[in-house]
Amino acid sequence: MNLGKKGGSRGLKSKPAPRFWPIHRKETVWVVKPSPGPHPIESCLPLALVLRNVLGFAKTRKEAKKIVAQGKVYVDGKVRRKDDFPVGLMDVISIPNAEKFFRVLPSEKGLILNPIDKEETTFKLCRIEDKRVVRNGHVQLSLHDGSNLLLKIADPKNPQEDIYKTLDTLKISLPERQILEHVKMKENDFAMITGGKNIGKHGKIVGIEKAEGKKQRSALVTIESENGTRYQTILNFIFAVGETKPLFSITEAANVV
């Protein structure tokens, strides 16, 4: 009896891998396939590639796997022991033994490992992708990194705690994941573009088109950089990162992946 194979492929060939991955597509057939996790495959990197191809802490996948298995790599304040664990937008990567700390940010070539101080590893920013009322009148916030936050509502008929809207940004403590600050999606916010042809550009939101007759996420948004250059994209590609300035440091790093 010939049974068909179930489930997705466990391997990933180099040619169909995301174009921003720093791999030699003509020299190797297979690459590390990210495990199912908080970020889709087209917008993440497995830890093995971060350690080997980006940071140069390992020469082979075997060495990278050993480093991770020894508990030397933290993502968002938690030890990750699988070298195929996916890291993506706004994740915080810590390698304490090497005193190296990074925040994953968008760049024109894909993603960038933005160096940060140790103090900045205690929080991350998350965008609210969806919200819904769940059991007992509680409100669940679904965040861009695949995680959820549950708000306890004292009075469901008068939910004063529910001040959050879709596409707003939350500053969350790590690893506790408690809400520290709330940035509403609005004009004059400092924001980053996370997709499209202007990915990686950042500046002040100077205009948000009213989304009458179409979906909110398709509304046009105009960003103005510090030098006065303006960029347009859709609201779905806008990530608010601060009221008047970014809540984290942005360094012009060379670790573009």
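Glu 243 and Lys 186 form a salt bridge in which the closest N and O atoms are 2.5 Å apart; a salt bridge is taken here as a side-chain nitrogen of Lys or Arg within 4 Å of a carboxyl oxygen of Asp or Glu. Glu 243 lies in the segment after strand 19 (238-242) and Lys 186 in the loop between strand 14 (179-183) and strand 15 (190-193), so the pair ties together parts that are 57 residues apart in sequence. Glu 243 is partly exposed, with a relative accessible area of 36%, and Lys 186 is partly exposed at 30%. Buried denotes under 20% relative accessible area, exposed over 50%, and partly exposed the range in between (1.4 Å probe, protein chains only). The model is a predicted one, in which local features need pLDDT of at least 70 and side-chain atom pairs count only at pLDDT 80 or more, whereas totals for chains, interfaces and linings use all residues. Residues are numbered from 1 along each chain as its sequence is written, and side-chain values use heavy atoms, with hydrogens and water left out.

The protein chain has 257 residues, of which 45% count as buried. Its secondary structure consists of two helices and 19 strands. These elements are DSSP runs numbered from the N terminus (helices: H or I, at least four residues; strands: E, at least two). Among contacts with a separation of 6 or more in the protein chain, 47% are between residues 24 or more positions apart, a contact being heavy atoms within 4.5 Å.

A search of the whole structure gives 13 salt bridges. One of them joins Asp 145 to Lys 124, with the closest N and O atoms 2.9 Å apart. This pair links distant parts of the chain, 21 residues apart: Asp 145 is in the loop between strand 11 (139-143) and strand 12 (148-151), and Lys 124 is in strand 10 (residues 123-133). Both Asp 145 and Lys 124 are buried. Strand 10 also holds Glu 129, whose partner Arg 217 is in the loop between strand 16 (202-208) and strand 17 (220-224), 88 residues apart. In the salt bridge between Arg 217 and Glu 129, the closest N and O atoms are 3.1 Å apart. Arg 217 is partly exposed at 25% relative accessibility, as is Glu 129 at 23%.

Asp 145 and Lys 124 also belong to a network of salt bridges that includes Asp 76, Asp 91 and Arg 177. Asp 91 counts as buried, at 1% relative accessibility. Its side chain makes a polar contact with the side chain of His 39 (2.8 Å). A polar contact is a pair of N or O atoms within 3.5 Å; within protein, one must be able to donate a hydrogen and the other to accept it, and residues adjacent in sequence count only if both atoms are side-chain atoms. Leaving aside residues up to four places away in sequence, Asp 91 touches His 39, Val 75, Asp 76, Pro 86, Phe 102, Arg 103, Val 104 and Lys 124.

The structure holds zero disulfides, a disulfide being a pair of cysteine sulfur atoms within 2.5 Å. Cys 44 is buried at 0% relative accessibility, and Cys 126 is buried with a relative accessible area of 0%.
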